[in-house]
Amino acid sequence: MQHQALLENYLRQLHLATFAQNYQTFAQDAARGNLPYERYLLALCEAEVAQREAHRVERAIAAAKFPVLKELSTFDFDAITNLSKQRVVELARGEYIAKKETILLIGNPGLGKTHIATGLALEACKQAKKVRFYGVASLINDLLVAQKDLRLSKFMSQMLKLDLLVLDELGFIPFSKDSAQLLFQCCSDLYERVSILVTSNLRFADWNQLFGDERMTGALLDRLTHRAHILEFVGESYRFRQRLLQEKMEEQKLVENRATVR
Ligand code: ADP
Ligand code: MG
């Protein structure tokens, strides 16, 4: 009993919580299976490492601040014909992050851009990457607040520690000249140092309208499209189509019911 208390105390000191949790049941299994001591120790180490990895991924996902968690596995690639599943799966491997490349997801609302952006960013979290998901409006807000509090450079140095910045919904809300400039400066600072994943409902030709400054828009587009993976989403809103489909099925049922009643 004294040994047990001492062991558990040591395990706590060594921050081996999963060892502490498993050592007794694993010892019983090892005795039952007549396993050598090394195998027992190996099993304890494996469980500890797996648990730490799971915690690390959980922390990375929490730090990314996703508005909603969406996995690539729940995306119906058949619903959107011009989006190559293979390309998305390849991107999910994360080489673009190592190369500090950009991803642009462009298309009308409701086609799954935010879903794919979240799915790719989640994969990055699983690969031990530092990710932050931002709606463009809230990034601009944070930039403005940081500027007002004279801590813009501190804010940017935090951003530069990221591996991937997701900028969701560029183009939904028009912004002031100051905001546009701040966003431009932010993207310029990150350029070739941090991967950026942008989703937008705007075609490139319409970006001028948003930034209100042709030269700045040109420079921003130049940075974002240089060595970028551009995925276009074309079609009709997924949810809208799901609803139409559902309505059609209900109508069909109604017709069938009427037929059987007769
Ligand atoms: P966007 O960002 O292009 O406006 P979203 O990613 O927000 O579109 O998609 C709207 C909703 O429809 C989300 O709940 C998303 O999960 C779902 N959705 C869109 N496309 C698909 C798809 N192909 N497969 C599964 N769910 C989809
Ligand atoms: Mg979206």
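On a 1 Å grid over the protein atoms alone, a pocket is an open set of points with protein on both sides within 12 Å along at least five of seven lines, a cavity is a set of points where a 1.4 Å probe fits but cannot get out, and lining residues have an atom within 4 Å of a point. In the largest pocket of this predicted model, 30 residues form the lining, and G110, L111, G112, K113 and H115 are those that lie nearest its centre. Because the model is predicted, local features need pLDDT of at least 70 and side-chain atom pairs count only at pLDDT 80 or more, while totals for chains, interfaces and linings use all residues. Residues are numbered from 1 along each chain as its sequence is written, chains are lettered from A and ligands numbered from 1 in the order in which they are written, and side-chain values use heavy atoms, with hydrogens and water left out.

**Pockets**

- The largest pocket has a volume of about 630 Å³, where a volume is the space filled by probe spheres set on the grid points, which are joined across faces, edges and corners.
- At least two residues of the lining of the largest pocket come from each of helix 6 (113-126), strand 3 (164-170), strand 4 (195-200) and helix 12 (238-261), and helix 6 supplies the largest share, four residues; helices (H or I, at least four residues) and strands (E, at least two) are DSSP runs, numbered from the N terminus.
- The lining of the largest pocket divides into 10 nonpolar, 12 polar and eight charged residues, with Ala, Val, Leu, Ile, Met, Phe, Trp, Tyr, Cys and Pro counted as nonpolar, Asp, Glu, Lys and Arg as charged, and the others, Gly among them, as polar.
- The second largest pocket, with a volume of about 330 Å³, is lined by 16 residues, of which A63, K130, V131, R132 and L162 lie nearest its centre.
- Two or more residues of the lining of the second largest pocket are given by each of helix 3 (37-64), strand 2 (131-135) and helix 8 (152-159), and helix 3 gives the most, with four residues.
- By class, eight nonpolar, one polar and seven charged residues make up the lining of the second largest pocket.

- Helix 9 (residues 177-190) and helix 11 (residues 214-225) pack at an angle of about 30 degrees with their axes 10 Å apart, the axes being lines fitted to C-alpha atoms, for helices over the stretch in contact, and the angles running from 0 to 180 degrees between N-to-C directions.
- Helix 9 and helix 11 are therefore roughly parallel to each other, since angles under 35 degrees count as roughly parallel, over 145 as roughly antiparallel, 65 to 115 as roughly perpendicular and the rest as oblique.
- The crossing of helix 9 and helix 11 is left-handed, a term used if the near helix is turned anticlockwise from the far one by less than a right angle, with right-handed used if clockwise.
- In the contact (heavy atoms within 4.5 Å), A180, Q181, F184, C187 and S188 of helix 9 meet M216, A219, L220 and R223 of helix 11.
- One cavity of 30 Å³ or more is found in the whole structure, and the largest cavity holds about 50 Å³ of space.
- The largest cavity is lined by K100, T102, C187, L190, Y191, E192, V194, I196, R223 and L224, with helix 9 and helix 11 as the elements that give two or more residues.
- The lining of the largest cavity has six nonpolar, one polar and three charged residues.

**Packing around helix 3**

- Helix 3 and helix 6 pack at an angle of about 140 degrees, with their axes 8 Å apart, and that makes helix 3 oblique to helix 6.
- Helix 3 passes helix 6 in a right-handed crossing, and the contact joins E53, R56, V57, A60, I61 and A64 of helix 3 to L122, C125 and K126 of helix 6.
- The axes of helix 2 (residues 17-32) and helix 3 come within 9 Å and cross at roughly 145 degrees, in a crossing that is right-handed.
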